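Thanks for coming. I will go through one model this morning, element by element, and keep it short.

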Amino acid sequence: MVKKEEQEEVNSKRPEVRMDDPASVTDPLFAPYHRTVEEMEAMPVIEKTMTVCPECKLIIPGTIYKDGDYVMIRKFCPEHKWAVEKYWEDYEMYTKMKRYNYFGRGLDNPNYLGQGQNCPFDCGICERHHTHTGLANVVVTNRCHLSCWYCFFYAKEGEPIYEPTTDELDKIFRNLKAAKPIPANALQITGGEPMMHPDIVEVIRRAKKAGFDQIQLNTTGIILGESPELAKQVKEAGCGTLYMSCDGVSPRTNPKNYWEVPNAFESCRQAKIGIVMVPTVIRGINNHEMGAMINFALNNLDVVRAVNFQPVSLVGRMPTRLREKQRITIPGAIKEIEQQTHGAIRKEHWFSVPYVGGINKFIEALTGEYKYDLSIHFACGAATYLILDDNNHIIPITEFVDAAGMVDALQTAVNEMSGKGRLARKAIAVKTLLGIPKFIDKQKQPKSLNFSKMLMNIFLKNDFNAMGALHSKTLFLGMMHFQDEHTYDIKRVEKCDIHYAMPDGQVLPFCTFNVFPEVYRDKIQKQYSIPAKEWQQTHANWNYRADKYFRDVKKLEQDPRFLKTYANMKDFFALDINGGKAVENFPVFKPKPPVEQKVVPPATEKANAA
């Protein structure tokens, strides 16, 4: 048996990718990277922005432009010259999503006074920011039991340990709840691996007490899979969702936790915790399994609530050709899903996040009260819902709801309500709502769902329990593409609503916190960290390797939970009602036959003993 100190850390090895493939030179996928300056400057300009040089981080102008079907961003640094990167891989979808882009409201009490003239290097959040905190991230430790090669950060050999006390975390929670006019209400407890914080259950309990209605854990699920009882404690403390890494449905694509996912699912079933599967999508590594991941989620719809794909953010230094090969954008990922599901989930089924902002604006105009405002930049995220009907028919929500038409009608009503009194606003609202059914195709609507009634409850009663009922019958599909130095667009940062909160009171957009770690994440955390030697003195027998998880594959593959999860999967897309074509790269799992135990005859046994 291999000793722990001789084993390789889980998911620490970058898969080999050929960069000398001659076909890649002529592949249309890479052509936009290799235009001449004259060719690039002749392309139609979409808009101008400010960005950064990926080498020296100098703030420089950027141009977003159309190159055939692609949307690209180019920039020129006096020292490092031209840099070009893919922004979106579908111009038609880009223009469609852009239509619903709008500015939300920022904070009445920003924690950084100033206009962000040096954005993104004077962030905090400032008066220039256009959104409140939609989801607050709080790092509770930088220790992790894995060493994933594409991870933003975890404590490496010799680095200090960042692990705030519960009192320090209380201070962070109070700061987030003090934001005006809309305090943070959704909290993601993250790391590192947050389950490694020794007081994680108490941390969740305190977050709930601070007033956060939605609390989720950003985790690998491994620790909770090993301890169903701990999962129940996490649920009772106030955490309702596991935001769980899951990069594929095969050992090759998901070396992180392929063998442990079944255990995590079972623990969450028992504890009644919903799971959001979170695949980091890397072209050439796991993009070919996106359809199969959706099918995997549909097979576990009793516990899986969503699949939130995250096209990889290529931060840090890497060879240019490798970056080009591994880059995938939101529409690139959506096209993969359309192909792999044979059109059952098509690109027209997706909408940008600001679409649903129209619903919030309508309720706000009707009630006169501030509501959560989903006004992030249209290029940051996309989503759709799949309803699995009683006969296993997969129905994307935009197959029976004209989302664009409904949002336009709601916006017209919002405009009419402006400056009107309460009774007049209500009259406009009633008239608008009476017209909502025309945007719903009852012939295509799932028999198990009354969407018109659900919307009425939301609009007139502010009853969001109806959304909970929708979630129990659906699978949410999301896309969230965080930026890196190559794709950086300051207009996107100004509208970010996923924020990190720090012990010093700073609240930072995701794409400043992680893209410029030397300015924010690492610098701030270092101030509140404990040097490794000092940590070791107060934590007996601790070292970095002792934190790491090492798996026993044979034992895991013989676990009944493993066999239950992978050996009995249904291919929903192969059903006639869903097109009758098997989802691409559907993993057909064949259990390994049990190892036969050799029975040694007594006579031989005595001879061996002698």
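Predicted model: local features only at pLDDT ≥ 70, side-chain atom pairs only at ≥ 80, totals over all residues.

The buried residues in α11 are Ile 330, Pro 331, Gly 332, Ala 333, Ile 334, Glu 336, Ile 337 and Gln 340. Note that Glu 336 and Gln 340 are on that list along with the isoleucines. As for what covers them, the cover includes two elements I will come back to, β4 and α3. It also includes helix α9 at 290-298, and strands β11 at 304-311, β13 at 381-388 and β15 at 474-480. After α11 comes His 342, which has a positive phi, near 55°.

Now the sheet that β4 belongs to. It is an open sheet of four strands, in the order β1-β2-β3-β4, with antiparallel pairing. The edges are β1, residues 45-52, and β4, residues 81-88. Each of these has a single partner strand, so one side of each is left without a neighbour in the sheet. On average, and ignoring direction, neighbouring strands here are turned by 30° against each other.

Let me take the pairs in turn. Between β1 and β2 there are seven bridges, and the two run antiparallel. Lys 48 sits opposite Thr 63 of β2. The hairpin of these two strands has six residues between them, and there Lys 57 takes a positive phi near 70°.

Next, β2, residues 59-67, pairs with β3, residues 70-77, through six bridges, again in the antiparallel sense. Ile 64 is opposite Ile 73 of β3. Helix α3, residues 91-98, packs on this sheet and touches β1, β2, β3 and β4, with its direction at about 80° to that of β1.

The next strands pair in the parallel sense. Is strand β8, residues 241-245, largely enclosed or largely open? Four of its five residues are buried, so β8 is largely enclosed by the rest of the structure. Strand β7, residues 214-219, runs parallel to β8 and is joined to it by four bridges. On the β9 side, residues 274-278, the pairing with β8 is also parallel, over five bridges. Tyr 243 of β8 takes part in both pairings: it is the bridge partner of Asn 218, and its own partner in β9 is Val 276.

On to helix packing. Helix α12, residues 357-367, packs against helix α14, residues 422-434, at an angle of about 145°, and the axes are 8 Å apart. From α12 the contact uses Phe 362, Ala 365, Leu 366 and Thr 367, and from α14 it uses Arg 425, Lys 426, Ala 429, Thr 432 and Leu 433. By type, that is five nonpolar residues, two polar and two charged.

Ala 365 also leads us to Asn 415. The two are 50 residues apart in sequence, but their C-alpha atoms are 8.9 Å apart in space. Asn 415 belongs to helix α13, residues 403-417, and its side chain makes a polar contact of 2.9 Å with the side chain of Gln 411.

What about disulfides? The structure has zero of them. Take Cys 151: its closest cysteine sulfur is in Cys 148, 6.2 Å away, which is too far for a bond. Cys 151 counts as partly exposed because its relative accessibility is 37%. Cys 268 is in no disulfide either, with the nearest cysteine sulfur, in Cys 239, at 8.3 Å. Cys 268 is buried, at 1% relative accessible area.

Last, Ser 529. Where is it? Ser 529 lies in the loop between α19, 521-527, and α20, 532-538. Is Ser 529 buried or exposed? At 17% relative accessibility Ser 529 counts as buried, because the cut-off is under 20%. Its side chain reaches the backbone oxygen of Gln 525 at 2.5 Å. Setting aside neighbours within four places in sequence, Ser 529 is in contact with Pro 160, Ile 161 and Tyr 162.

That is the end of my list.

How values were computed:
Residues numbered from 1 in each chain as written. Heavy atoms only, no water. Polar contact = N/O pair within 3.5 Å; in protein donor to acceptor, adjacent residues only side chain to side chain. Buried < 20%, exposed > 50% of the residue type's maximum accessible area, 1.4 Å probe, protein only. Contact = heavy atoms within 4.5 Å. Disulfide = S-S within 2.5 Å. Axes fitted to C-alpha atoms, helices over the stretch in contact; angles between N-to-C directions. Nonpolar A, V, L, I, M, F, W, Y, C, P; charged D, E, K, R; others polar. Pairing = 2+ DSSP bridges.
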